[in-house]
Amino acid sequence: MATEGKGDAATTGAGTSTTIPLHRQELLKWQGWGYRDSRFFINSNGLIEFSGSRYLLSGHVLPRLKDWMFSKLHASIDNYSPSVQEPNPDYIPEPILNSSFINDFQSSLGSTVQYSSDMNDRLFHGHGHTLEEIWKLRHGGKFDRLPDWVVWPRNHSDVEKIVRLATKHNVCLIPFGGGTSVTWALLCPANEKRMIVSVDTSQMNKILYLDEKNLTARIQSGIIGQDLERELAKKGYCTGHEPDSMEFSSLGGWVATRASGMKKNVYGNIEDLVVHVTMVTPKGTIEKSCLGPRQSIGPDINHVIMGSEGTLGIVTEVTMKIRPLPACKKYGSIVFPDFESGVACLREIARLRSAPASIRLLDNEQFLFGQALATDNKGMLHSLVDNMKKLYITKIKGFDVNRMCAATLLFEGTTNEVNQREKFVYDIAQKYNGMPAGEENGLKGYTLTFMIAYLRDVGLDYRIVAESFETSVPWDRVIDLCRNVKKRIITECEKNGVKYPPFSSCRVTQTYDAGACVYFYFVMNYNDMRAGNDPVHVYELVEQAAREEVLANGGSLSHHHGVGKIRTKWIKQAVSDLGVGTMKSIKEYLDPTNIFGSQNLIPDSEEPKEQHLKAKL
């Protein structure tokens with residue numbers, strides 16, 4: 001029986017409503033990425049179109065995308081595999097309810113804090129966005145365990161009361177921010193026998209104060225990235241933190257996963273932006289007593305909280321650095337004769353600390369794929385013909401279309417800063433045979449980032465699975481790692497009976513003095529796969545092999561996605577036995593009865609990784 005409280009919904013800033021509604025399924029897809037009104041689909045003319053009005057591609061036809069899918073990936077219009085349209089109630093596990101907790105909650109918080117045991121609310125809060133989770137939703141698979149209740153606190157005090165009640169009645173809590181996790185972090189452990197409550201922070205979405213003298217802002221943790229930037233912009237400020245998921249991910253989620261944004265070269269990663277964090281644990285509230293810019297008071301408590309992935313408590317408030325909105329913003333792009341030249345250029349730019357706000361390098365596979373995303377017949381290569389003459393590029397400069405790669409750029413700052421940085425970057429690029437490719441291509445490349453995730457859904461419609469994963473790696477190993485991981489993906493697909501060659505590509509997305517973040521993309525047509533092979537299981541085998549290859553080539557376990565439950569098997573290799581022991585000791589002190597029982601980050605010896613996601617199709 002569904003129950004639902006009717007507490008007041010909070011608003012962002014000065015009375016502005018949050019973008020994401022209380023019941024997210026009213027606006028967002030329940031079995032795919034993003035807004036319900038935004039998707040790629042094959043229209044009545046047999047061409048792929050993007051619906052809605054929210055994005056650069058909205059309302060546009062992409063005349064070359066279907067041909068790319070059907071020729072490069074060997075997809076077929078005849079192999080249509082639609083998603084189920086509504087959740088099947090028979091596949092929703094019965095809730096486990098703790099009546100003493102419920103009675104206490106309703107008497108102390110029920111009049112002000114909303115709560116629900118509705119099937120759709122429980123389902124939406126019981127998964128993230130890995131391929132495995134979305135596949136299960138699309139094909140009517142059963143989750144062995146879902147949250148039994150969802151609650152929506154409005155402020156820090158509400159969270160303190162919820163955590164105290166959960167500790168008193170031994171109820172398991174799983175924090176929920178934006179729901180964009182790609183690490184199984186939101187999956188409920190199958191062996192959890194206690195009542196599980198998903199604590200949705202979306203109604204904790206206010207900017208509590210803005211300190212213009214110190215350039216900081218105190219912000220509730222549930223605010224969504226796009227709402228935060230919109231509200232700050234009204235006052236003339238920004239944080240500059242723009243992860244790919246900023247439309248849907250939350251500030252608390254950024255802190256809990258140690259997030260990184262596309263413009264980190266100017267604004268920093270989340271650890272560079274955070275001044276102060278407040279987190280509620282079963283032992284009480286943990287925070288520093290001072291908002292000073294730097295303190296030498298032992299190991300940084302903020303760094304115990306950042307990256308804790310919901311295992312220690314709930315982040316409720318964050319004080320962040322802010323900056324005045326940049327007076328000038330300018331996009332750009334560069335083409336290089338090959339990936340090696342592009343990497344060398346990015347390394348030199350990083351060494352000289354002259355990077356623009358964002359610089360991202362696409363390998364040749366992604367460069368060619370970018371042509372398929374054009375809204376007319378002019379992809380980047382064709383616009384280059386207009387601007388620089390194809391003859392000059394291919395004949396005189398000697399660029400090979402099948403080796404070329406491209407970088408997209410975003411400059412921010414004062415007009416003088418942007419002009420100086422732009423000239424400096426293009427001068428360095430020229431040393432590595434890089435050629436400017438125009439502002440329009442840079443703008444498209446940057447803004448398309450927010451639409452890429454929608455492509456997986458149309459791929460799944462035609463028996464194509466796709467996923468991405470990331471790592472950070474020292475500069476001297478970037479080329480080898482990229483080459484070896486892409487080859488390993490292809491080899492593992494052949495080994496596991498995948499009939500058609502996969503799309504295996506990468507891009508360098510963030511640069512540092514000592515190395516870079518590399519994002520890999522893997523797309524596989526599972527039609528005509530070896531008999532008996534489950535496509536999700538095959539994907540998992542390939543991804544695991546690719547992850548092993550990443551580690552063998554000197555890459556990190558994760559750059560910004562985190563560990564969740566999907567990568568706990570490698571955590572000891574990543575941080576050592578003593579590192580894991582230290583994390584366990586902190587967990588045992590702050591949460592001795594495992595109230596925050598998501599089982600993220602720290603491996604659970606009693607439950608193998610595979611048990612977290614048992615498909616029952």
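**Exercise 1. How many salt bridges are counted between domain 3 and domain 4?**

*Solution.* The count between these two domains is zero, where a salt bridge is a side-chain nitrogen of Lys or Arg within 4 Å of a carboxyl oxygen of Asp or Glu. Next, find the domains: domain 3 covers 207–324 and domain 4 covers 463–566, with bounds from an automatic or database domain assignment. Ten residues of domain 3 touch ten residues of domain 4, contact being heavy atoms within 4.5 Å.

A word on the model: it is predicted, local features need pLDDT of at least 70, side-chain atom pairs count only at pLDDT 80 or more, and totals for chains, interfaces and linings use all residues. Residues are numbered from 1 along each chain as its sequence is written, and side-chain values use heavy atoms, leaving out hydrogens and water.

**Exercise 2. Which residues of domain 3 lose the most area to domain 4?**

*Solution.* Start with the total: the two domains bury about 660 Å² between them, 36% of it on carbon and sulfur atoms. Buried area is the accessible area (1.4 Å probe) that two parts lose on being put together, summed over both. In domain 3, Ser260, Lys264 and Glu309 lose the most, together 55% of what that side buries.

**Exercise 3. Which strands hold Glu317 and Arg218?**

*Solution.* First look at the pair: the side chains of Glu317 and Arg218 form a salt bridge, with 3.0 Å from N to O. Then place each residue: Glu317 sits in strand β13 (residues 314–321) and Arg218 in strand β9 (residues 216–220), so the pair ties together parts 99 residues apart in sequence. Strands here are DSSP runs (E, at least two residues), numbered from the N terminus. Finally, the whole structure holds 35 salt bridges.

How values were computed. Helix = DSSP H or I, 4+ residues; strand = E, 2+ residues; numbered from the N terminus.
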